[in-house]
Amino acid sequence: MYAVISTSGKQYQVAVDDLLEVDLDSSKKVGDTVEFDKVLMIADGDNVNVGAPCVEGGKVVAEVVKSVGGEKLSITKFRRRKHHQKVTGHRQWYTQVKITGINA
C-alpha cells in the first residue's frame, strides 16, 4: 500500500515505514505526530483511489524523527575582467519524518 501526498508545493510517494525529508517545520519536536491531509492518490494492490484533486477522507500519519541539514551548496558569481567575484553558500534544513499509517 502506498500513497501520493502533497506538502509545501512538492509531491511525494510514501509507504508505511518510509523515511521522508520534508521542509523544516520548527514548531514540531522529535516524537510529535504530523498529519498530511492533501492525499492525491492511495493505491492498495489493484485498488487505486485517485482524488480530484484530493482523496476524500484520505490521511497520512507520520512521526517526527529529527531535524537534519542537507548538503551545503557553494554559489559563485564571477564577472570576468571586472574585478568582481562573490562566493556565498546555502544549506537547506529538513524535518525527517517516518510514515506510520495511511488511512483511506
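Biologist: Happy to look at this predicted model with you! In the hairpin that β5 and β6 form, which residue in the turn has a positive phi?

Modeller: Good place to start. Two residues lie between β5 and β6 in this hairpin. In that turn, the residue with a positive phi, about 70 degrees, is Gly45.

Biologist: And which residue of β6 is the bridge partner of Ala43?

Modeller: β5 and β6, the latter spanning residues 47-50, pair in the antiparallel sense over four bridges. Within β6, Ala43 has as its bridge partner Val48.

Biologist: Which residue stands opposite Ala43 in the pairing of β5 with β1?

Modeller: Strand β1 covers residues 2-7 and pairs with β5 in the antiparallel sense, over four bridges. Opposite Ala43 of β5 stands Tyr2.

Biologist: Why is β5 largely enclosed by the rest of the structure?

Modeller: Here buried means under 20% relative accessible area. Strand β5 runs over residues 39-44, and it is largely enclosed because the number of its six residues that are buried is five.

Biologist: Let's turn to the largest pocket. Which element gives the most residues to its lining?

Modeller: The largest pocket has a volume of about 190 Å³. Its lining has 15 residues, and Thr7, Asp25, Val34, Glu35 and Phe36 are the closest to the centre. The elements that give two or more residues are β1, β3, β4 and β10. The one that gives the most, with three residues, is β4.

Biologist: How many residues in that lining are charged?

Modeller: By class, the lining of the largest pocket holds five nonpolar and four polar residues. The number of charged residues there is six.

Key:
Residues numbered from 1 in each chain as written. Predicted model: local features only at pLDDT ≥ 70, side-chain atom pairs only at ≥ 80, totals over all residues. Heavy atoms only, no water. Buried < 20%, exposed > 50% of the residue type's maximum accessible area, 1.4 Å probe, protein only. Pairing = 2+ DSSP bridges. 1 Å grid on protein atoms, 1.4 Å probe; cavity = no way out; pocket = protein on both sides within 12 Å on 5 of 7 lines; lining within 4 Å. Points joined across faces, edges and corners; volume = space filled by probe spheres on them. Nonpolar A, V, L, I, M, F, W, Y, C, P; charged D, E, K, R; others polar.
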